[in-house]
Amino acid sequence: MRIFVFGGDGFCGWPTALHLSKSGHDVTIVDNLSRREIDAKLGLQSLTPITELQERIAAWRELTGRIIHFEHLDIAREAPRLDTLVANGKPDAVVHFAEQRAAPYSMRGPDEKRYTVDNNISGTHNLLVALTQHSPDTHLVHLGTMGVYGYSGNGFSIPEGYLDVAVTDDHGQPQSREILFPTKPGSVYHMTKSLDQLLFQFYAQNDALKITDLHQGIVWGTQTKETKLDPRLINRFDYDGEYGTVLNRFLVEAAIGHPLTVHGTGGQTRAFIHIRDTVRCIELAVGSPPQRGEKVKILNQVAETLTIIDLARLVSDRTGAEIAHVPNPRAEAAENELVVSNETFLALGLDPTLLDSALLEGTIALSKRHSDRVDLSMIPARSAWNRERQKQIFENPQAAAA
Ligand code: NAD
């Protein structure tokens with residue numbers, strides 16, 4: 001298949017591009033390298049020493065003989081170039097990772113809120129328009145997030161995208177409807193993913209686009225079979241307060257002898273998936289498109305759920321790291337339940353990697369190997385969710401900690 005990987009220089013996109021290339025697909029990465037620019041702007045760097053994209057691609061060709069093409073293009077701001085790319089390439093599938101993906105960064109301030117909405121919504125919509133106009137048979141696989149559903153317990157498993165509801169009509173008769181499972185986004189970033197869902201629903205219904213939306217859990221780990229082949233292929237590993245996802249941050253903290261920083265009580269439950277399973281799920285999703293005219297296929301891309309405090313204990317048991325509770329910058333319930341159905345991927349053959357697997361030890365070892373690159377000052381969270389949290393945490397930290 002000819003596959004375009006939008007956002008293919010990122011944490012999930014790079015290993016996915018390699019995996020699809022290894023499986024024999026003709027892969028083109030489309031990326032504006034904005035993630036690397038944000039690193040430079042914030043003074044951050046990946047824990048792992050990632051090479052420039054051109055060097056990564058050249059190394060892959062040298063090692064495997066396989067060519068990955070690259071288009072440096074901003075899908076939010078260069079719609080005419082995107083149209084031309086899609087019209088000329090007519091890909092069988094596109095995988096869309098190209099969004100600003102950190103909830104804390106999206107809550108950092110007015111500029112970051114506007115950037116996240118402008119970038120994510122315009123990028124997704126430009127892509128949908130390009131496909132509608134120039135390649136309506138292409139299958140669009142988008143990376144959404146479990147976080148769109150918020151983190152308040154329902155008392156039942158979160159289904160895969162849709163909810164059957166019973167209503168009474170104006171004549172007192174019972175009616176049933178299938179609706180998108182209601183979202184309750186907890187950050188500007190999550191809100192953009194909720195809005196993406198409506199864009200997909202419209203274009204599937206109006207233009208019969210073939211769309212799969214993967215509601216992914218928090219990704220942990222960093223290496224896949226392909227990125228391990230050579231140091232020049234190493235994947236990005238974010239550990240800082242803005243982009244570092246919780247488990248990877250804990251693993252780096254443990255590697256440098258820093259206490260594991262649990263926000264609030266740690267009673268928040270989250271969904272997790274290993275990067276190795278991310279690339280496998282995307283391959284499975286690409287191979288299983290909906291037909292034209294079908295509703296958007298929504299799959300929960302999740303291996304398991306766990307509370308943050310249980311996650312911290314898991315890392316602490318293996319490393320001896322202490323656990324420190326720090327004020328939570330997010331406006332969210334202190335504790336919640338989260339039960340998620342992932343039946344479609346299990347039926348498609350996914351054998352999920354669980355947190356107690358040997359891969360956790362591997363990620364701890366990798367964190368130790370690169371611990372000289374850690375900048376301690378980058379670990380604490382800097383973005384508060386609203387004025388009240390800002391005052392409590394950053395302007396009166398003693399009171400917040402009490
Ligand atoms: P990332 O920031 O590492 O990668 C995103 C890539 O997209 C970057 O290379 C960036 O330069 C590129 N990009 C952003 N805006 C672009 C634009 N306008 N035009 C072209 N390229 C653009 O993020 P990631 O962790 O790889 O996440 C990828 C996707 O998966 C995101 O949409 C994210 O919401 C979703 N996701 C990630 C996680 C996770 O834990 N990392 C969890 C759930 C969902």
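These legends walk through several close-up views of one predicted model.

A few ground rules come first: residues are numbered from 1 along each chain as its sequence is written, and side-chain values use heavy atoms, with hydrogens and water left out. Since the model is predicted, local features need pLDDT of at least 70 and side-chain atom pairs count only at pLDDT 80 or more, while totals for chains, interfaces and linings use all residues.

**View 1. Helix H1 against helix H9.** Here we look at H1 (residues 13-22) and H9 (residues 275-286), which pack at an angle of about 50° with their axes 9 Å apart. Helices here are DSSP runs (H or I, at least four residues), numbered from the N terminus. Axes are lines fitted to C-alpha atoms over the stretch in contact, and angles run from 0 to 180 degrees between N-to-C directions. H1 and H9 are therefore oblique to each other; angles under 35 degrees count as roughly parallel, over 145 as roughly antiparallel, 65 to 115 as roughly perpendicular, and the rest as oblique. H1 passes H9 in a right-handed crossing, meaning the near helix is turned clockwise from the far one by less than a right angle. On the H1 side look for Pro15, Thr16, His19 and Leu20, which meet Ile275, Val279, Ile282 and Glu283 in H9; contact means heavy atoms within 4.5 Å. Sorted by class, the residues of this contact are five nonpolar, two polar and one charged. Ala, Val, Leu, Ile, Met, Phe, Trp, Tyr, Cys and Pro count as nonpolar, Asp, Glu, Lys and Arg as charged, and the others, Gly among them, as polar.

**View 2. Helix H4 against helix H6.** Next come H4 (residues 79-89) and H6 (residues 110-134), packed at an angle of about 40° with their axes 9 Å apart. That angle is why H4 and H6 are oblique to each other, and their crossing is right-handed. H4 brings Ala79, Leu82, Asp83, Val86 and Ala87 to the contact, and H6 brings Asn126, Leu127, Ala130, Leu131 and His134. Seven of these residues are nonpolar, two are polar and one is charged.

**View 3. Helix H8 beside helix H10.** H8 (residues 246-255) and H10 (residues 308-319) pack at about 30°, and their axes are 10 Å apart. That makes H8 roughly parallel to H10. Val246, Leu247, Phe250, Leu251 and Ala254 of H8 touch Ile308, Leu311, Ala312, Val315 and Thr319 of H10. This contact has nine nonpolar residues, one polar and no charged ones.

**View 4. Around the ligand.** Of the 29 residues around the ligand, Cys12, Asp31, Arg101, Tyr189 and Lys193 come nearest; to be near, a residue needs a heavy atom within 4 Å. Backbone N or O atoms take part too: one of Gly10 lies 3.3 Å from a ligand oxygen atom, and one of Phe11 lies 2.9 Å from a ligand oxygen atom. For Ile75, a backbone N or O atom lies 3.0 Å from a nitrogen atom of the ligand.

**View 5. The loop around Ile50.** Ile50 sits in the loop between helix H2 (34-42) and helix H3 (53-64). Leaving aside neighbours within four places in sequence, Ile50 is in contact with Arg36, Arg56, Ile234, Asn235 and Arg236.

Definitions and conventions: Helices (H or I, at least four residues) and strands (E, at least two) are DSSP runs, numbered from the N terminus. A polar contact is a pair of N or O atoms within 3.5 Å; within protein, one must be able to donate a hydrogen and the other to accept it, and residues adjacent in sequence count only if both atoms are side-chain atoms.
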